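The following paragraphs lead the reader through selected local features of one structure. Please keep the sequence and the model in view while reading.

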Amino acid sequence: SGHQFNSLILHFLIKLLIFVESNMSESIRTNNQDNKEGKADRTSNGILVSEDERTLAQTALIQFHSRKYEDCLRTINELIEIRQNDPKVCHNLGVAQFYKSSCTKLDELTKVFDSVLIQFSGENGEDQDSVDEFDQAALNYNKALILYFFRQYDKASHIIENLFKIIEPLDESLACKICFLAADLSFAARQTHMAIEKLAYIEKLIASSEKGSINQHHEKSESHFNDGGTKHGLQSESLQMKFNQYKARLHLLNGPLKLCKREIKILMSSTPVTPTAHFLKSNFEYLRKNYRKSIKILNSSPRLDSNDLIVMYYNNLGCIHHQMKKHNLAALYFKKAMNVNEECIQKPNDSGNINSLASVQALNRHYELLYNIGIELLFSNRPLPGFEALIQCMQAFNTDPKYWYRIAECCIAAYQMGEEEIAAKAQNKSSIVSTVVGVGQHQKTVLKPTADYSYRYLPPSHGISVANPEPSLKFALPCLRNALLLLSNLDSNNDDQKNGDHSQSLPKAYITSSVVKMNSYDIVALRYSILAGIAFVSLHLGELVLALEHSKELLTLQSLPGLYRYLGHMYAAEALIRLNKINEAIYHLSPESITDISASVLISSEMTSENKNEADVNPGKFPKTVEAARALMYVNLASAYCLQRQHEKARKCIEQASALHLEKEHIPGAVLISIYIELANGNVASALEILKRQQLFPFQRSNGNKNIRTN
């Protein structure tokens, strides 16, 4: 959703300020506190600190916050000549160099973190992963932040959870940043129960800070930077506002929306109203399906003065118009967001380097926007360009079962478009007769083939390689298999979480919002679609056993919607007929078993408003009523009886289909079966009359709807 872009962009840029501040200010705070108590100047690890060293550290911190990174580096270099083996100074040197390069050279920064960890472990005699010392807390926070930025959520969460275990003795400013990052990780992985504990701790810090500010109202702080590190040095107003933002995000994800409304009201009453508040309120109305109001709130947001905000704005508009089923307009907004985002990727920094932190962040959004564009192209009946857009996202979404299913949908839609083009060319011709040859008594009428099976058994040399993706049914089949395998793994992870095992709750690879957003309803609904898709594609590729296997698996699922049950029986029957198992096929062709053709999954408590909006969609190419579905089933049952040479039963099935008002597009198939029955009974004249009129004649419509199926 659009809100995910909001949380990803706005809050990450805020957290980067921890790098030098938490490290240097803590050293200064500790040293000044020791002086108050009459102690010697020492660092937290017992090394003596002189007055000159403390002055250099304060100067470097001031220069860093003033964004005078060159001056800051010169000051740190002076300090490092005195304290060559101090891991804190080495850490701050690496961070200052990183900021001087306009947040480029991420690899070098990671190497600095690793080398500093080695220094800490050498001093303390501990393992590198240990975070039991405060000296390593800021470093580990920074490392977790970089991992979060690259969406390695499992590694980042492991570090942050270890930090949270020792959060009590930490500086409150750093503790808040740790909790906020932990909440962001929980939101990204949709593990909202983990965010609740972290936000509760921040709320406790805010309460204690307010009490402390009253007690310390008449005291003077020694320096501006010392205030930032004291126990009651939190900026309670800005912290409270940020806390309200996170609570609003939590309620948007976890519900109920009533609690979210209260938090958003607080944010909107602040001065000045930030774009974040408008984005959150717009998302709130989006979830309530007030789409026009959501657009109005977006358009009333304050001036968007950065490309990041503009990208979010267009992306959110695209999401809203998708739900309004205006897919062409949604694709336009996603394309606008993509164009602005490309500027972020290609825009060089002051040194001419385009491999910056901002460009990597924009590159992450690039794939998400491209995916959105591909989906809108698919929904707007343009599967070929949609396929091309989705294929470009493969390296980012290869662990997402929905992604593979969408690619398969593009392939199936492209195949169906090909069939429609063939039908359009023959629009002015008879839908049954191909041509007439001969004259007089030698005149022959040539009927059209009912389907073209020539592509099903192509030799391997004429096949399509899976390594070269093309929008074909042959490529759709492995895509659907990938989706089914990934979905099974995701389902097993959800089962582990329900049983209380959260050790595997976070995916191991580049994670996408689509994966972590899936609840049990999404998984069940997607499984129905994937199994039906595999059965359909397998039938068209001649993989009859595979089609039968997945059709039966589909029919065994609990709470199966009527439409999928109908498709499961039809696909299974076709596979069995072509396997020459007619009696088993007739068992599946039972018209009286069709009582519902809705695609809706039973609504559960986990079902979101977005799910409900998509659940009631019944694709237009399927029978629109139960009577039409039964009529088509009777036609297929007549075909099965014809194969058994039970022509009388087949005749009664056609009569019953006619009585149920068979849909127009299915009449030609019923006419062909009628012609076959007449010819098999030796009634050539009747067959020619049916062919001439192209109606179910001489069969008369039955006066009743009595069930004529027999075994």
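This is a predicted model: local features need pLDDT of at least 70, side-chain atom pairs count only at pLDDT 80 or more; totals for chains, interfaces and linings use all residues.

Strand 1 covers residues 433-437 and strand 2 covers residues 444-447; the two run antiparallel and are joined by four bridges. Within this pairing, Val436 has Thr445 of strand 2 as its bridge partner.

Helix 8 (residues 153-165) and helix 9 (residues 172-188) have axes that come within 10 Å and cross at roughly 145°. The crossing of helix 8 past helix 9 is left-handed. On the helix 8 side, the contact is made by Tyr153, Ala156, Ser157, Ile160, Leu163 and Phe164; helix 9 contributes Ile178, Cys179, Leu181, Ala182, Leu185 and Ala188. By class, the residues of this contact comprise 11 nonpolar and one polar, with no charged residue.

Is Leu696 buried or exposed? Its relative accessibility is 17%, and because buried means under 20%, Leu696 counts as buried. Leaving aside residues up to four places away in sequence, Leu696 touches Ile654, Ser658, Ala670, Val671 and Ser674. Pro668 stands 28 residues from Leu696 along the chain, and the C-alpha atoms of these two residues are separated by 9.3 Å.

Definitions and conventions
Residues are numbered from 1 along each chain as its sequence is written. Side-chain values use heavy atoms; hydrogens and water are left out. Axes are lines fitted to C-alpha atoms, for helices over the stretch in contact, and angles run from 0 to 180 degrees between N-to-C directions. A crossing is left-handed if the near helix is turned anticlockwise from the far one by less than a right angle, and right-handed if clockwise. Contact means heavy atoms within 4.5 Å. Ala, Val, Leu, Ile, Met, Phe, Trp, Tyr, Cys and Pro count as nonpolar, Asp, Glu, Lys and Arg as charged, and the others, Gly among them, as polar. Buried means under 20% relative accessible area, exposed over 50%, partly exposed in between (1.4 Å probe, protein chains only). Two strands pair if DSSP finds at least two bridges between them.
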